[in-house]
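Student: I have a model open. Could you show me how to read its features, one at a time?
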Amino acid sequence: MTDPVALTELGRFSKNEANILIGALDAQGIGAVAFDEGASIADGSQFFIPVRVMVDPDDLAEAQAIVAAAAR
């Protein structure tokens, strides 16, 4: 049995922000995935539920720095 991949939550963002952030992280060589992107799409609340952006724990500090720089 192999160990599961561990991911850490970088933050929660709107769907569009999450996708932009994932692209920015990818451009810096940091893999990221979105969780909950399609949550509640059937009842029309998809834009009210935040998308969790997840990264490898080893990349968390660098990813946080990228988010902080973008927020300035």
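Student: Let's start with salt bridges. Which residue forms a salt bridge with Glu9?

Tutor: The general idea is a side-chain nitrogen of Lys or Arg within 4 Å of a carboxyl oxygen of Asp or Glu. Here, in this predicted model, Glu9 pairs with Arg12, and the closest N and O atoms are 2.9 Å apart. This is a predicted model, where local features need pLDDT of at least 70, side-chain atom pairs count only at pLDDT 80 or more, and totals for chains, interfaces and linings use all residues. Residues are numbered from 1 along each chain as its sequence is written, and side-chain values use heavy atoms, with hydrogens and water left out.

Student: Is Arg12 buried or exposed?

Tutor: Read the relative accessible area: buried is under 20%, exposed is over 50%, and partly exposed lies in between (1.4 Å probe, protein chains only). Arg12 counts as exposed because its value is 52%. Glu9 has 31%, so it is partly exposed.

Student: How many salt bridges does the structure hold?

Tutor: Two. Arg52 and Asp36 form a salt bridge too, with the closest N and O atoms 2.6 Å apart. That pair links distant parts of the chain: Arg52 sits in strand β3, Asp36 in the loop between β2 (32–35) and β3, 16 residues apart. Arg52 is partly exposed because its relative accessible area is 23%. Asp36, at 33%, is partly exposed.

Student: You named strands. What pattern does the chain follow?

Tutor: Helices (H or I, at least four residues) and strands (E, at least two) are DSSP runs, numbered from the N terminus. Along the sequence, this chain reads β-α-β-β-α. That comes to two helices and three strands.

Student: And the core? Which residues have the most contacts inside it?

Tutor: A nonpolar core is a set of buried Ala, Val, Leu, Ile, Met, Phe, Trp, Tyr and Cys residues joined through side-chain atoms within 4.5 Å. The largest one here has 13 residues, and those with the most contacts inside it are Leu10, Leu21, Leu25, Ala32, Val53, Val55 and Ala63. At least two residues come from each of β1 (8–13), α1 (15–27), β3 (51–55) and α2 (60–71). The largest share, four residues, is from α1. Of the 72 residues in the chain, 24% count as buried.

Student: What does Ala32 touch?

Tutor: Contact means heavy atoms within 4.5 Å. Leaving out residues up to four places away in sequence, Ala32 touches Ile22, Leu25, Val53, Met54 and Val55. For the whole chain, take contacts between residues at least 6 apart in sequence: 65% join residues at least 24 apart.

Student: Where is Pro57 found?

Tutor: In the loop between β3 and α2. Beyond its neighbours within four places in sequence, Pro57 is in contact with Ala6, Leu7 and Thr8. The C-alpha atoms of Pro57 and Thr8 are separated by 5.4 Å, although the two residues are 49 residues apart along the chain. Pro57 is partly exposed, since its relative accessible area is 37%.

Student: Last feature. Which residues line the largest pocket?

Tutor: Rolling a probe the size of a water molecule over the atoms shows where empty space is left. On a 1 Å grid over the protein atoms alone, a pocket is an open set of points where a 1.4 Å probe fits, with protein on both sides within 12 Å along at least five of seven lines; lining residues have an atom within 4 Å of a point. Here the lining is Phe13, Glu17, Ile20, Leu21, Ala24, Ile66, Val67, Ala70 and Ala71. α1 and α2 each supply at least two of the lining residues.
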